[in-house]
Amino acid sequence: MPIATREKEIYRQDAKSKHKTLSVTEREKLIAKNANIPSIKAEEPDSRSRLGVRKFLKTQLHVFIYFIIHAIFSLYIRFRQAYHAVKDRIFAILYYHHRTPELIQKDVKGLSRLPQHLSVLLNLEDGGKGGAGLETLVDEMAEIAAWCACVGIPKLSVYEQTGILKGYLPASHRTISRKLSSYFGSQQPALSLRAPHVPCIESVPATPVAATAGVTIPHLSILLISEEDGRDSLVDLTKTLAEMTQRSKISSNDISIDLVDAEISESVMSEPDLLVLFGPSIELSGYPPWQLRLTEIFHVQDNHGVGYQENSVTKSPHAMSLFRPPVVRSASAVLDRALFSKTIPTAAARVFNNKKLSDYVKKLEKSKEVLGLERLKPVTPDPDTAFASKGGKCILLKPEVKPEDPSTWSEIIQEAVKTEEIRVIPYDLKLDYNYWTYYDIMSALLPEDAQNEIPVGFTVVGHVAHLNLRDEYLPYKNTIAEVVKDKNPQIRTVINKTANVGQESEFRTFPYEVLLGEDDLNVEVSEASCTFKFDYSRVYWNSRLETEHKRLVDSFGRGEVVCDVMAGIGPFAVPAGKKGVFVWANDLNPESYTCLIDAIKRNKVEKFVRPFNEDGHTFIQHAADDLLQLSADKKNTVTIPAKYPRGFKTDKSKVIPAQTITIPSTISHFVMNLPAIAIDFLGSFNGLYHGREDLFEPLTKTKLPMIHVHCFSTKSHDNTREYIDICERISEKIRYEIKVGDAEMDITDFSDVSEIAGRRKYLPTLGTGLQDIKSRGWKKKDMKFR
């Protein structure tokens with residue numbers, strides 16, 4: 001029977017008083033008294049079926065209800081996915097940008113603001129291995145980079161969980177550069193690609209051509225990050241700060257959110273404004289957490305993969321197609337400029353008071369009714385000649401605004417019409433050949449089967465445009481040349497290379513055909529604030545190598561001696577001379593030698609650059625001996641006269657006094673920029689400083705020369721075989737075995753020059769260090785170069 005009410009109350013009071021009411025004995029008696037009294041419950045009849053039928057039916061009912069709910073939800077998801085797939089495909093076709101920056105800029109014109117730092121999350125689709133999945137990943141990154149460059153986003157960070165992209169920086173840089181070239185042609189933006197704790201790969205923009213009105217080509221900076229840059233970076237920073245605190249280098253009070261944010265931003269990246277996910281759901285996959293505190297995250301439901309979609313249904317496909325050039329394709333692709341004239345019926349807002357013109361432009365831009373076409377000003381003279389003669393102007397409006405239908409007008413226009421400040425009038429917008437870009441014209445002109453890779457990249461050297469057309473585009477070469485010249489007013493001559501560099505002569509010149517203009521290749525170009533004048537048909541010049549020229553010149557120290565064995569007309573030597581580097585510059589080509597002398601005088605670097613016209617093998621020995629002889633004869637100084645800048649008469653401190661500089665007796669750098677045969681010259685360094693070991697470390701602080709060798713090699717997935725081959729070729733020439741990874745050698749993967757050498761890769765800068773060389777026995781081989 002149950003515990004008596006009185007005894008229950010006594011026990012509860014004792015428990016509330018923390019067992020102070022009852023003694024231990026009384027409490028034990030109370031528990032013992034009621035412990036053996038069983039509770040008596042009324043017997044209930046067993047309602048369970050002996051066969052379990054009821055339980056079975058209940059289970060089946062639950063399964064059926066679950067099946068119905070699952071089926072309905074699955075049908076909904078499938079229908080939604082199909083709907084989005086069809087809709088996205090339709091929009092992708094209707095609003096395809098044709099690699100035209102103007103169309104992409106038009107698509108984002110309605111956005112209230114653009115992020116200055118965009119971050120995207122991409123996934124490797126083949127289980128973390130290289131191959132087709134890696135190629136797709138790099139191509140997706142290149143497409144996103146091109147889109148950012150088109151709309152003016154200066155910084156892009158790409159997150160891929162495994163970090164595989166970090167191992168392919170040079171290949172990724174080449175892919176992105178080619179993609180940018182397909183969008184911008186010769187006006188492609190400068191590009192820098194880097195990863196945390198990895199050297200940056202940079203390229204400068206191509207030689208500028210005709211500027212596009214209203215378009216700013218930005219410098220695009222791309223950062224590659226992975227999962228290791230997230231939690232691991234925070235852990236490393238925490239350890240570092242803890243150690244610094246223990247060593248009393250900083251106080252614990254100095255550690256703040258601002259400090260952590262500054263360190264993380266510097267070591268990894270700053271916080272992006274927008275993170276875009278390309279999967280069907282929000283899955284961050286280990287994205288660095290610190291960089292997501294205030295970042296806006298965007299993803300599209302049911303989306304799979306990277307694609308270009310314009311999801312604004314407010315835009316009419318008909319309106320979009322109105323402003324594309326007429327398609328005038330033919331088998332011969334003959335250019336008839338008159339066929340590209342087009343009249344587009346649209347509307348305009350006639351403003352009666354010109355003082356209010358700018359106000360209405362701002363208001364109508366805010367209401368998104370102004371016709372925002374690139375290279376076309378929204379304000380134009382009124383179509384009524386009488387009104388225009390009095391200074392009357394109008395504002396071009398979008399085709400969606402109908403002059404005869406006030407329901408298509410915004411409240412701003414309706415109110416202004418009521419107050420008779422403006423009037424919506426019909427306007428015939430006339431566009432002609434001069435309006436459309438090179439890519440617009442070519443995409444409307446070339447046959448359908450030639451639309452895959454329309455030639456957009458070419459080199460501009462002075463007034464010459466240098467094309468390198470593929471065989472499939474040779475039938476249209478004259479038309480391409482015409483359009484290139486039309487769209488780039490400074491170009492007077494267009495040529496096409498007919499064979500690879502070096503096939504015509506040993507001087508790296510190339511055969512060409514003139515497609516348009518005079519056969520005049522006497523050009524003048526500027527690079528690194530230096531001016532060069534030369535005959536492009538008789539010397540070698542490649543504007544695409546400007547980045548490599550700058551990279552090497554930046555590595556030279558002021559007052560050092562550089563020996564440029566294959567100097568050409570001086571793209572390394574002259575800028576280095578301007579920097580205060582002493583350069584012994586040599587080239588075998590007499591014409592290059594003549595142009596080199598001219599460049600030295602033209603850029604006023606006679607004190608620092610000395611020209612030579614010798615065979616490279618003998619010049620290597622001659623240059624080293626020449627320096628030693630200058631020191632022996634006490635002729636190793638140059639005097640730089642004083643400089644008197646403007647205003648020096650009133651301020652004597654502005655005067656830069658004359659100074660005497662001593663030329664070192666040893667060479668610091670050798671440069672051999674002849675990729676086809678430069679390695680063959682390495683044998684000439686044997687015994688270069690034999691018997692003069694006292695000039696170098698460890699007896700002095702002077703290091704042995706660094707040799708920069710440029711060479712061609714084949715192209716593969718990871719270049720392992722190619723690097724081994726390069727080491728074998730070098731070992732054969734210097735008669736000493738070197739291997740990939742040796743401390744005395746470094747290989748820099750520079751650039752893909754498929755336009756110069758088929759499918760070969762440019763691999764410059766092979767150098768060695770003195771200490772490692774001596775420890776490996778190079779000294780007894782009389783091969784002292786680092």
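**Close-up views of a predicted model**

**View 1. Contacts of L22.** L22 touches I10, D14, R27 and L30, leaving aside residues up to four places away in sequence, where contact means heavy atoms within 4.5 Å. This is a predicted model, in which local features need pLDDT of at least 70 and side-chain atom pairs count only at pLDDT 80 or more, while totals for chains, interfaces and linings use all residues. Residues are numbered from 1 along each chain as its sequence is written, and side-chain values use heavy atoms, with hydrogens and water left out. L22 lies in the loop between α1 (5-16) and α2 (24-35), and it is buried, with a relative accessible area of 14%; buried means under 20% relative accessible area, exposed over 50%, and partly exposed in between (1.4 Å probe, protein chains only). The C-alpha atoms of L22 and I10 are separated by 8.6 Å, although the two residues are twelve apart along the chain.

View 2. From its first C-alpha to its last, α1, with twelve residues, reaches 17 Å, close to the 16 Å expected at 1.5 Å a residue, the expected span being 1.5 Å times one less than the number of residues. Helices (H or I, at least four residues) and strands (E, at least two) are DSSP runs, numbered from the N terminus. α1 is followed by K18, whose phi is positive, near 60 degrees.

**View 3. Strand β8 and its partners.** Seven of the ten residues of β8 (residues 342-351) are buried. Ten bridges join β8 to β11 (residues 422-431) in an antiparallel arrangement, with P345 opposite D428; two strands pair if DSSP finds at least two bridges between them. Five bridges join β8 to β10 (residues 393-397), also antiparallel, and here V351 stands opposite K393.
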